[in-house]
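Please keep the sequence and the three-dimensional view open while reading.

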Amino acid sequence: MSTSTAETSVPSAGSAGALCVLAAAALWGSTGTISTFAPAGVSPTVVGSSGLAVGGLLLYLTGRLAGAGPAARGRREYLLVALGAGTVAGYPLTFFPAVARAGVAPGTVIMLCCAPVCAGLFDWLLRRHRPQRRWLIATAGCLAGAVLLAVGGDAGARIDPLGIALAVAAGASYAAYTAVAGLLISRGRGSAPVTGAMFGGGALLVLPVQLAAGPAWMLHGHGPLVVAHLALVTTFLAYVLYGRGLRTVTAAVATTLALAEPAVATVLGVVVLHERLAVAGWVGEALLAAALLLLALGQRAPASTAR
């Protein structure tokens, strides 16, 4: 259903969308901590893609049952859905090996620092959205905070060129998904069918990885809990929230708000894994929080929003 939003209610609708994105980022922040409980010897690519293989199927089924219309109409939109499915599959296939090679903090920060820049470019190319001053200021603050988190955490001094390249590819994949999904949703396609179609296609693309590894690791030790969390929390629930957020915020803003992920991941590392955080890390946390608050509270929804 398409509704025209009154001028006085526009900011609150935009802020609600921003809060959905922040909630999704908070759930994503648990990925690294949960992944450490996977059985020893299992490839990071296998662990990472397991959440997509299961959660993507759930998102597809939810999208079909939502009754919100098709995810695409016409050849161009179907090509966009196919592109979105490829980027969805590309993310876990590049991000998890990236953090395994470059380290959790450097890999995550590089990926997330690339994502807003790529998303701003994709958003401008696809939807002709020029970056706003508030986004530029908030993005600069978030990037500075993310870097301080990497410096103040247990990142180490290891530099792995392939790991860095994979992290950049993961950031570009994530940004491309956000831009494509945002474009389709802005055209009146429901967030549930759009997300479901892309993640259903992504699940099929990573299925060979899971078949090659076999299901034995999922039944060993904490394997079932790890897969359940990655599928239900960091994939299914997180991307339902993210899709709702993309109704009222641009791809560039969404990827900047998602920089809350390393802040959450750092706190979980301190609380759950008993990692230590230097003063610079805590300063980074505060800077991230302030920049995200500035961006979230300043969001305005479009005058006409697809519900």
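In this predicted model, helices α3 and α4 pack at an angle of about 145°, and their axes are 8 Å apart. The crossing of α3 and α4 is right-handed, and the residues that make the contact are P44, T45, G48, S49 and L52 on the side of α3, together with V88, A89, P92, L93, F96, P97 and A100 on the side of α4.

A89 is found in helix α4, and with a relative accessible area of 4% it counts as buried, because buried means under 20%. When residues up to four places away in sequence are not counted, A89 touches L52, G202, L205 and V206. The C-alpha atoms of A89 and G202 are 4.6 Å apart in space, although the two residues are 113 residues apart in sequence.

**A second pair of helices**

Helix α7, which spans residues 161–186, and helix α8, which spans residues 191–213, have axes that come within 9 Å of each other and cross at roughly 140°. Here, too, a contact can be listed residue by residue: α7 contributes Y177, V180, A181, L184 and I185, while α8 contributes S191, V194, T195, M198 and F199. In this pair α7 passes α8 in a right-handed crossing.

Helix α7 also holds A167, which is buried, with a relative accessible area of 0%. Leaving aside neighbours within four places in sequence, A167 is in contact with A98, G107, I110 and M111. A167 can also be compared with C113, which is 54 residues away in sequence and 9.8 Å away in space, taken from C-alpha to C-alpha.

**Charged pairs**

Side chains of opposite charge can pair when their charged atoms come close. How many salt bridges does the count come to? The count comes to two, and the table lists them with the distance between nitrogen and oxygen.

| Salt bridge | N to O distance |
|---|---|
| R187 and E77 | 3.2 Å |
| R189 and E77 | 2.9 Å |

Together, E77, R187 and R189 are linked in a network of salt bridges. The R187 and E77 side chains meet in a salt bridge, and this pair links distant parts of the chain, with R187 in the loop between α7 and α8 and E77 in helix α4 (residues 75–102), 110 residues apart. The other pair is the salt bridge between R189 and E77. R189 also lies in the loop between α7 and α8 while E77 is in helix α4, so this pair ties together parts that are 112 residues apart in sequence.

Are E77 and R189 buried or exposed? E77 is buried, with a relative accessible area of 6%, and R189 is buried as well, with a relative accessible area of 12%. R187, for its part, is partly exposed, with a relative accessible area of 36%.

**The surface**

L57 lies in helix α3, and L57 is partly exposed, with a relative accessible area of 46%.

**The chain as a whole**

The secondary structure of the protein chain comes to twelve helices and two strands. Read from the N terminus on, these elements run β-α-α-α-α-α-α-α-α-α-α-α-α-β. Of the 307 residues in the protein chain, 51% are buried. The chain exposes about 13,600 Å², and carbon and sulfur atoms supply 69% of that area. Finally, among contacts between residues at least 6 apart in sequence, 90% join residues at least 24 apart.

Terms used. Residues numbered from 1 in each chain as written. Predicted model: local features only at pLDDT ≥ 70, side-chain atom pairs only at ≥ 80, totals over all residues. Heavy atoms only, no water. Helix = DSSP H or I, 4+ residues; strand = E, 2+ residues; numbered from the N terminus. Buried < 20%, exposed > 50% of the residue type's maximum accessible area, 1.4 Å probe, protein only. Axes fitted to C-alpha atoms, helices over the stretch in contact; angles between N-to-C directions. Left-handed = near helix turned anticlockwise from the far one by under 90°. Contact = heavy atoms within 4.5 Å. Areas by Shrake-Rupley, 256 points an atom, 1.4 Å probe, with all protein chains shown as cover. Salt bridge = Lys/Arg side-chain N within 4 Å of Asp/Glu carboxyl O.
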